[in-house]
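This report concerns charged side-chain pairs and their surroundings. Please examine the sequence and the structure shown below before reading on.

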Amino acid sequence: MNEFVALLILPLAMAILSLAIKDVAIVRKLSALIIWFQLPVVMSILSNVLTGHASRLEFASGLAIETLGAYFIVLTTFVVCCCLTHADYFFQAAQNKGEAYQAVHVRIFYACSHIFLMAMTTVFTCDNLGYLWIAIEATTLSSAPLVYFERSKNALEATWKYLIVCSVGIAFALLGTVFIFAASQRGTLEVATLNVAELISHASQLNFPLLRLGFIFCLLGYGTKAGIFPLHTWLPDAHSEAPAPASAMLSGSLLNCALFGIYKVASILLAAAPHSRVFELVAILGTITVLAASLLIVRQSNLKRLWAYSSIENVGLMLFAIGLGSGPLFFLQALNHSLAKVALFLMSGNIVQATGTKKLSKLHGLMQNSPIWAAALALAAIAVSGAPPFGAFVSEISLMTLSLSDHRIALALIITVALAVSFLAIMSHVGKIIYGTAKPDFKSFKPKRAALIPMMLVLLSLLLGLTVDTSTWVPGCQKNHRISLVDQALDNLRGQNHASR
């Protein structure tokens, strides 16, 4: 339990300090500096799991972490570190332009950002479906003030839609959780439970029809939060109206939390019936989401909504990986998407501040106005589109390879066509922004500093593309990757029971 508290203590302290310190400049600098200490703290606590020396780390009853969750916590912490570091520049640039935000709003932004990080960290440590539901709801409540930051009519509408749609989704997830609890009651278990480890180890004793029904409701509920098509309606508005650092956190870390919830419930269903046709539904839903998002990307007229729909496309790819039963590919796709998308949202924030508009039709000539911004935007757009040699290319080609080995040729073809469409659409939109006549009213503030975090993220994506060994991430090369995944989960439990004895 002490380790779990240690994971949250620094963000909690920063949330309190953000509200207590009146000088907003100190809050900005302190958050940008102190938050980076959270990264070594997290890596130190989770080191045994991250390095493979332990398969599982128990914090308390219902709170435990395994390898995939540990990697997601590191990724989430890194994303928040990057966003809050850039936020210092973002608020300084607004002040320099004469559009300074009220100090109390900025302090609330930082306090909510730290609480948001605590909620997201908790999601990945939940080994109880009830705790998981509470933690995912906490991410909604802590991030809603970030969407409402501008206090405008559009921000209010986006926040309202975010809360209402996600609340409906979370209600579905609660119903699914109740069905899964009923599955343990109506099965042959001695004591009903929501503990994920126990449900996996006794999966054959659960009432399968109730378990399957519970999974479908959780898929719809957490899928609404993740933005799968056609339940995505809150996502473009929220990502568009939130300030750039918040948009980056929503896209680069929040979506992973909701998808992790689906993966966690799917692991129980995998243990009960590795060849259930429900996974066909998940893979098809992921494919439809990729296809719909790629078509919607074509007709976008707003810069931030363009990246929001690109996020929906990547949610579809991650859901497809879950449908294939591949946790490693789910994480690899999430990792590459987070790096590129955070870079894009932060660069878009810079561009909107410098030009005063989000409309794509009014954005042009970036190459002449700021070559370094044009380079960062172009490279990040190529990275998120899955073009070589960036990391997303490795994860997407691995997904297609696994899909073909799993005899899902039609789905692989549809996704390939959809990815090609979205690539061409994104390149077309970004090309119009970069080329053309320079904007005379373009006012950039410290352009090199503004591009520092986005360029670092793009280079990391490039490094991943050049160094990742695909054979490590494609369990489809094994005889039956789903069964091996279940075996791995059971091995973890056996190790846990042995340790407890």
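## Salt bridges and their surroundings

V41 is found in helix 2 (residues 24-45); helices (H or I, at least four residues) and strands (E, at least two) are DSSP runs, numbered from the N terminus. The model is predicted, so local features need pLDDT of at least 70 and side-chain atom pairs count only at pLDDT 80 or more, while totals for chains, interfaces and linings use all residues. Residues are numbered from 1 along each chain as its sequence is written, and side-chain values use heavy atoms, with hydrogens and water left out.

V41 is partly exposed, with a relative accessibility of 30%; buried means under 20% relative accessible area, exposed over 50%, and partly exposed in between (1.4 Å probe, protein chains only).

Side chains of opposite charge can pair when their charged atoms come close. The structure contains 11 salt bridges, each a side-chain nitrogen of Lys or Arg within 4 Å of a carboxyl oxygen of Asp or Glu. Three of them are listed here.

| Salt bridge | N to O distance |
|---|---|
| R56 and D127 | 2.6 Å |
| R408 and E280 | 3.7 Å |
| R408 and D406 | 3.0 Å |

R56 and D127 form a salt bridge that links distant parts of the chain, 71 residues apart: R56 lies in strand 1 (residues 56-60), and D127 in the loop between helix 5 (103-123) and helix 6 (129-147). R56 is buried at 12% relative accessible area, and D127 is buried at 3%. Both belong to a network of salt bridges that also includes E58, E66 and K264.

R408 is buried at 8% relative accessibility, whereas D406 is partly exposed at 23% relative accessible area.
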